[in-house]
Amino acid sequence: MLMLTFLALVGNTTPSGRASVVFYWCSDAKTIASGGLRIGLKGPLAEYDFIIVGAGSAGSVLASRLSEDHKTTVLVIEAGRGESLFTGVPILAPFFQQTHYTWPYLMERQPGVCLGMENQRCFWPRGRAVGGSSVINYMIYTRGLPKDWDQIAADGNYGWSYNEVLPYYTRSERATLRSLKDSRWHGRAGELFVEDVPFRYSTIPHTSLFADFENSRSSPNTK
Ligand SMILES: Cc1cc2nc3c(=O)[nH]c(=O)nc-3n(C[C@H](O)[C@H](O)[C@H](O)COP(=O)(O)OP(=O)(O)OC[C@H]3O[C@@H](n4cnc5c(N)ncnc54)[C@H](O)[C@@H]3O)c2cc1C
């Protein structure tokens with residue numbers, strides 16, 4: 001899904017595009033390639049209206065939205081590489097978790113956690129790529145439970161309760177889910193494509209189990 005978001009960003013940099021978005025791809029603090037320069041631009045500008053560090057899930061969307069105003073200049077800096085054909089295949093995600101597409105973090109040791117791991121520390125990968133963690137993730141669309149959002153708001157993050165974030169979920173979503181086509185909890189005109197797994201009941205049996213689990217929670221926001 002984030003792959004699409006990034007394409008939207010690049011789309012804004014084409015000759016027919018709307019804004020001066022420059023995307024820089026860096027590796028090990030050294031710029032080795034750049035992309036998305038508009039025709040006529042030979043290098044980065046001297047200054048930008050916005051500089052976004054990290055072309056991950058959030059950074060890509062932010063750059064895309066900011067560049068909707070054609071007078072705005074946006075520089076996106078990313079430490080990781082561009083995607084490959086294979087990173088767009090969800091079932092291959094585990095294979096990319098110990099490659100250059102990943103920041104290889106380890107969790108801190110905690111009581112009662114990761115007991116079977118070396119030094120009791122689990123691997124905690126984060127994406128390092130254009131698309132960020134979405135490049136190594138499983139492309140499962142999940143929103144979080146209302147009570148979790150409400151707890152986040154209750155902890156002092158005003159504006160983050162479930163009822164406050166729900167409109168942004170529906171606005172961003174372009175759902176084509178067969179069984180939920182009349183659901184008022186899903187958006188249909190956003191940028192984020194949410195669709196059924198085509199092989200749901202045959203090739204990938206666990207997805208139907210997952211769907212059953214989701215339905216069993218019977219929360220309206222999951223419908
Ligand atoms: C293995 C795994 C599986 C997941 N599965 C799912 C799933 O199925 N469904 C789902 O909804 N979510 C899933 N997630 C979670 C989801 O991918 C993340 O929540 C989301 O991508 C986070 O977005 P972000 O923009 O906050 O950070 P990221 O997408 O991680 O982006 C951060 C970007 O910033 C870059 N960066 C960091 N520091 C610098 C720097 N100093 N200079 C330049 N660039 C920098 C990084 O390289 C990275 O590209 C998964 C996550 C992981 C790790």
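# Close-up views of a predicted chain

**View 1. S3, H2 and S4 form a right-handed β-α-β unit.** Right-handed has a set meaning: with the strands pointing away from the viewer, the path from the first strand over the helix to the second runs clockwise. The model is predicted: local features need pLDDT of at least 70, side-chain atom pairs count only at pLDDT 80 or more, and totals for chains, interfaces and linings use all residues. Residue numbers start from 1 along each chain, as its sequence is written. Helices (H or I, at least four residues) and strands (E, at least two) are DSSP runs, numbered from the N terminus. Strand S3 covers residues 50-53 and pairs with S4 in the parallel sense, over four bridges. Two strands count as paired if DSSP finds at least two bridges between them. Within this pairing, valine 53 stands opposite isoleucine 77 in S4.

**View 2. The whole chain gives the setting for the close-ups.** Five helices and eight strands make up its secondary structure. Along the sequence they follow the pattern α-β-β-β-α-β-β-β-α-α-β-β-α. The chain has 223 residues, and 20% of them are buried. A residue is buried if 20 or more other C-beta atoms lie within 10 Å of its own, exposed if 12 or fewer, and partly exposed in between; C-beta atoms are placed from the backbone. Take the contacts with a separation of 6 or more: residues 24 or more positions apart account for 51% of them. Two residues are in contact if their C-beta atoms, placed from the backbone, lie within 7 Å.

**View 3. Alanine 63 sits in helix H2.** The helix spans residues 57-66. Is alanine 63 buried or exposed? Alanine 63 is buried, because 28 other C-beta atoms lie within 10 Å. The C-alpha atom of leucine 75 is 8.1 Å from that of alanine 63, although the two residues are 12 apart along the chain. Leucine 75 belongs to the uncovered face of S4, together with Thr73 and Ile77. The covered face of S4 holds Val74, Val76 and Glu78.

**View 4. A shell of 26 residues surrounds the ligand.** A residue is near the molecule if its C-beta atom, placed from the backbone, lies within 6 Å of it. The closest are Gly54, Gly56, Ser57, Gly132 and Asn137. Which elements give two or more residues to the shell? They are H2, strand S4 (73-78) and strand S6 (123-127). By type, the shell divides into 11 nonpolar, 12 polar and three charged residues. Here Ala, Val, Leu, Ile, Met, Phe, Trp, Tyr, Cys and Pro count as nonpolar, Asp, Glu, Lys and Arg as charged, and the others, Gly among them, as polar.

**View 5. Arginine 128 lies in the loop between S6 and helix H3 (146-154).** Arginine 128 counts as buried because it has 22 C-beta neighbours inside 10 Å. Leaving aside neighbours within four places in sequence, arginine 128 is in contact with Ala79, Gly80, Tyr101, Thr102 and Trp103. Glutamate 78 is 50 residues away along the chain, yet its C-alpha atom is 8.1 Å from that of arginine 128.

**View 6. A UniProt annotation covers residues 127-150.** The unreviewed entry reads "domain: Glucose-methanol-choline oxidoreductase N-terminal". UniProt positions are given in the numbering used here, feature names are shortened, and annotations may be inferred rather than shown by experiment. The end C-alpha atoms of this span lie 28 Å apart. The span is 21% helix and 4% strand.

**View 7. Tyrosine 105 lies in strand S5.** Tyrosine 105 counts as exposed because it has 12 C-beta neighbours inside 10 Å. Not counting residues up to four places away in sequence, tyrosine 105 touches Trp124, Pro125 and Arg126. Arginine 121 is 16 residues away along the chain, and its C-alpha atom is 9.9 Å from that of tyrosine 105.

**View 8. The loop between strand S5 (102-106) and S6 holds cysteine 114.** The phi of cysteine 114 is near 55°, a positive value in a residue other than glycine. Cysteine 114 counts as partly exposed because it has 17 C-beta neighbours inside 10 Å. Asparagine 119 is also found in the loop between S5 and S6. Its phi is positive too, at about 55°, although asparagine 119 is not a glycine. Asparagine 119 is exposed, because 7 other C-beta atoms lie within 10 Å.
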